[in-house]
Amino acid sequence: MFGSVEELQKKLAACDYLTDRHVATIVYLALKLQKPLLVEGPAGVGKTELAKVLAQATNSRLIRLQCYEGLDEAKALYEWNYQKQLLRLHVAQTQSKDWEEAKQDIFTPEFLLRRPLLEALSSEEPVVLLIDEVDKSDEEFESFLLEILSDYQVTIPELGTVRSNHIPVVVLTSNSSREFGDALKRRCIHLYLDYPTFERELDIIHLKIPGIKDCLAQQIVSFVQVLRKQRLKKAPSIAETIDWARSIMTLGSKVIDEEIVQGTLSILLKYQSDIDKVYNKVSSLLPEK
Amino acid sequence: MEEKILEFGRLLRKGGLNVSFSQIADALRATAEVGFQFEDFYHALACTMICEKADKPLFDKMFRLFFLTLPASQHGRENGESQLVSTENTGHIIELARSAEGIGQGRGGGASPALLLVKAVQDGNYSLLNQLAQLAFKSLGNPKRKDLANLEQLIVQAKVSIGWYEAVNRLERIREKEKVNESTYSRWLECLNYLEDRIKELLEEYFVITFGQDALEEIASAANLREKEFYQLNNIEIDEIRKRITKLARKLASKYARRYRRAKHGEIDMRRTVRNALKTGGTPVCLRYRKKKLSKPEIVLLCDVSGSVAVFSEFMLQLVYTIQNRFRSVRSFLFVDRIEEVTNYFHNEDIEAALQEAFSKANFSYSGFSDFGKVFTIFATKYLNSISPKSTLIILGDARNNWRSDERDFLKQISEHVRKVLWFNPQPQSAWDTEDSIMKVYAPYCRQVFECRNLAQLGEVIEAIL
């Protein structure tokens with residue numbers, strides 16, 4: 001797939017995803033060792049994006065499973081299409097078949113609703129399976145994932161074992177709102193995505209907002225970087241930096257000053273308590289000229 | 001190299017990380033993929049061997065000492081020379097310190113490294129900070145092997161030698177006088193932290209180089225936060241433990257949910273069973289059950305906040321309030337030799353702010369020395385009536401009564417009123433009933449007395465009350 005770390009890094013960059021070498025190294029290892037990649041980090045640093053870009057870079061299909069509380073096997077793996085089966089039975093009744101034959105009829109792939117996990121396993125082409133926000137799922141689901149992630153196969157009682165043709169690239173993301181069991185953690189390669197460094201964030205801003213003046217971009221990024229060091233409920237993410245930069249561009253200002261920041265603070269900070277905390281300190285947080 | 005990695009895994013375990021065999025196997029495969037180029041090798045090991053971000057600092061430290069410092073020491077010994085911190089550097093710095101007079105903003109008054117430090121911090125001059133760290137380290141001479149146990153003290157000594165406290169004082173004054181803004185000030189703090197870390201690093205390197213493997217293992221087990229006693233923690237570790245407590249709390253909360261789920265079947269719910277039977281033509285094939293009610297304990301915390309016990313009480317309060325919804329109600333009291341209820345401070349969400357407010361505002365100390373007898377007297381007369389008889393009362397304290405009257409009858413009265421009394425003692429069991437500790441006087445009135453000296457034990461006792 002990829003011969004070296006550098007190649008992977010370049011491919012990702014070609015898809016507009018800038019990474020540090022160490023991120024590329026870890027992703028490369030996950031691909032090479034064929035192990036699931038568990039990406040953790042604060043919201044909005046590009047965890048989901050990484051999976052999407054990875055699919056793009058490897059020319060594979062992206063299959064996404066969004067986790068939520070109460071997600072179960074029926075929603076994640078497969079389910080029998082009962083309605084269709086019932087209809088089939090009704091039709092069969094008129095033809096008077098015995099039970100064994102009828103069973104042969106209704107428990108066939110035709111009546112199987114493939115959910116993301118089964119789809120990823122049975123896919124003919126290479127896929128990237130993104131299991132998004134695993135921390136939102138229940139513990140039962142987590143232990144159920146274990147089987148799939150370690151053997152890349154699943155057993156459907158009526159049909160037998162489905163084994164994947166290609167081992168899919170699995171990316172799990174988490175905001176660590178819940179602790180995982182050790183078993184799941186041990187099966188994964190760990191990647192902690194943190195907020196980007198000053199230079200990296202500056203690059204991203206330039207990439208996403210072509211035409212922004214370099215000195216404004218620098219001011220914006222350095223203010224956001226300082227802001228992240230404050231004790232906040234939720235620190236501004238990259239997406240918020242971009243939004244903020246866009247809105248400042250829209251307002252047509254060339255520099256950021258106290259007034260502008262105070263006026264647009266709600267784009268960066270999403271909690272009222274955070275805004276209150278920062279509002280009066282803005283001038284002391286601004287980069288020196 | 002494979003042996004080295006195995007050895008490294010063992011060392012991490014000693015430091016309190018759970019590194020499994022399969023993780024080590026992965027690490028071996030990963031390093032084979034990326035080769036031994038330094039950066040890649042490091043990330044290959046890191047992404048396979050550590051499961052949590054919180055474990056990273058420890059991993060980094062062990063990695064540095066094991067793969068960089070330790071080989072240097074063996075190499076050095078073979079050649080019969082010791083590769084200690086280069087001496088020419090420190091000679092240079094002493095000169096610099098002398099010339100600091102000149103740059104000392106016209107203050108004059110002796111060549112002090114403190115002035116140099118102030119300047120380095122103000123300028124954010126990291127190479128100068130680095131040199132200062134070496135100077136500080138040099139001032140210790142050659143510490144002995146047994147000094148490793150008192151690493152913290154050595155660091156303080158080293159800091160004193162370069163006028164750390166004087167410099168911090170000066171910086172604070174400059175900050176007030178010149179209205180230094182927040183972002184600059186946080187840069188200063190970064191510099192100071194860097195210097196402190198650097199001194200510690202130098203010392204650890206020195207011990208590993210001079211005394212080899214053996215010292216490294218001691219450093220590893222000293223870094224094991226889960227097993228570290230609460231009263232030995234320094235500020236950085238306290239912060240670290242706070243973070244871990246939040247995690248521990250989440251873990252405990254979900255564990256509890258699982259246990260409850262297993263036994264969720266209560267009585268048969270007739271209405272829903274009959275309703276459900278319609279599906280199967282009136283035959284009740286599937287029984288429906290009523291959900292079992294969760295029994296949530298009511299908790300009353302009495303927290304000793306005198307001296308060394310305060311840290312422990314703070315951890316406990318943080319833990320309990322983080323998983324507050326697992327309890328029917330939580331009431332908390334702080335005491336030293338007076339006692340006052342602080343439940344109200346915890347109504348807002350920010351636990352840390354609440355803790356600060358409670359500690360600064362509540363009236364719990366008269367003389368500053370704990371007096372359990374007095375506290376039990378006040379509690380029994382003033383608050384006991386309003387405490388529910390169903391509640392579990394938890395006392396956090398070392399039972400060191402400063403030779404005052406024990407007033408055990410009041411504790412007896414309290415224990416008869418509530419469902420049970422538990423006592424969590426942050427001192428090692430061997431220290432109970434020595435000097436002014438009167439644990440055995442109070443123990444008969446408690447359902448159980450737990451030793452609770454470190455994070456691991458704290459987790460265990462909380463499980464006991466859930």
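How many cavities of 30 Å³ or more does a search of the whole structure find? Here are my notes; keep in mind as you read that this is a predicted model.

1. **The cavity.** The search turns up one cavity of 30 Å³ or more. The largest cavity has a volume of about 30 Å³. To find it on your screen, go to chain A and pick out the residues that line it: A:L117, A:A120, A:L121, A:L129, A:I148, A:L149, A:Y152, A:P168 and A:V170. Two elements, helix 7 (116–122) and helix 8 (139–151) of chain A, each give two or more residues to this lining. Helix 7 of chain A supplies the largest share, three residues.

2. **What kind of lining is it?** Sort the lining residues of the largest cavity by class and you get nine nonpolar, no polar and no charged residues.

3. **Chain B as a whole.** Now move over to chain B, which has 19 helices and eight strands. Of its 466 residues, 51% count as buried. Take the contacts in chain B with a separation of 6 or more: 73% of them involve residues 24 or more positions apart.

4. Have a look at helix 13 of chain B, residues 270–277, where the buried residues are B:T273, B:N276 and B:A277. Looking down the axis of this helix, you'd see those buried residues fall within an arc of 105°, so they line one face of the helix. On the face of helix 13 turned away from the buried side, you'll find the exposed residues B:R271, B:V274 and B:R275.

5. **The start of that helix.** What caps the N-terminal end of helix 13 of chain B? The cap is B:D269, with a side-chain oxygen 3.3 Å from the backbone nitrogen of B:R271.

6. **A glutamine in a loop.** B:Q427 sits in the loop between strand 7 (420–425) and helix 18 (439–442) of chain B. Is B:Q427 buried or exposed? Its relative accessibility is 18%, and the cut-off for buried is under 20%, so B:Q427 counts as buried.

7. **Who B:Q427 meets.** Its side chain makes a polar contact with the side chain of B:R400, at 2.9 Å. Setting aside neighbours within four places in sequence, B:Q427 is in contact with B:D398, B:R400, B:W432, B:E451 and B:R453.

Note on methods
Residues are numbered from 1 along each chain as its sequence is written. Chains are lettered from A and ligands numbered from 1 in the order in which they are written. This is a predicted model: local features need pLDDT of at least 70, side-chain atom pairs count only at pLDDT 80 or more; totals for chains, interfaces and linings use all residues. Side-chain values use heavy atoms; hydrogens and water are left out. Buried means under 20% relative accessible area, exposed over 50%, partly exposed in between (1.4 Å probe, protein chains only). Helices (H or I, at least four residues) and strands (E, at least two) are DSSP runs, numbered from the N terminus. The arc is that of the directions from the helix axis to the C-beta atoms. A polar contact is a pair of N or O atoms within 3.5 Å; within protein, one must be able to donate a hydrogen and the other to accept it, and residues adjacent in sequence count only if both atoms are side-chain atoms. On a 1 Å grid over the protein atoms alone, a cavity is a set of points where a 1.4 Å probe fits but cannot get out, and a pocket is an open set with protein on both sides within 12 Å along at least five of seven lines; lining residues have an atom within 4 Å of a point. Grid points are joined across faces, edges and corners, and a volume is the space filled by probe spheres set on the points. Ala, Val, Leu, Ile, Met, Phe, Trp, Tyr, Cys and Pro count as nonpolar, Asp, Glu, Lys and Arg as charged, and the others, Gly among them, as polar. Contact means heavy atoms within 4.5 Å.
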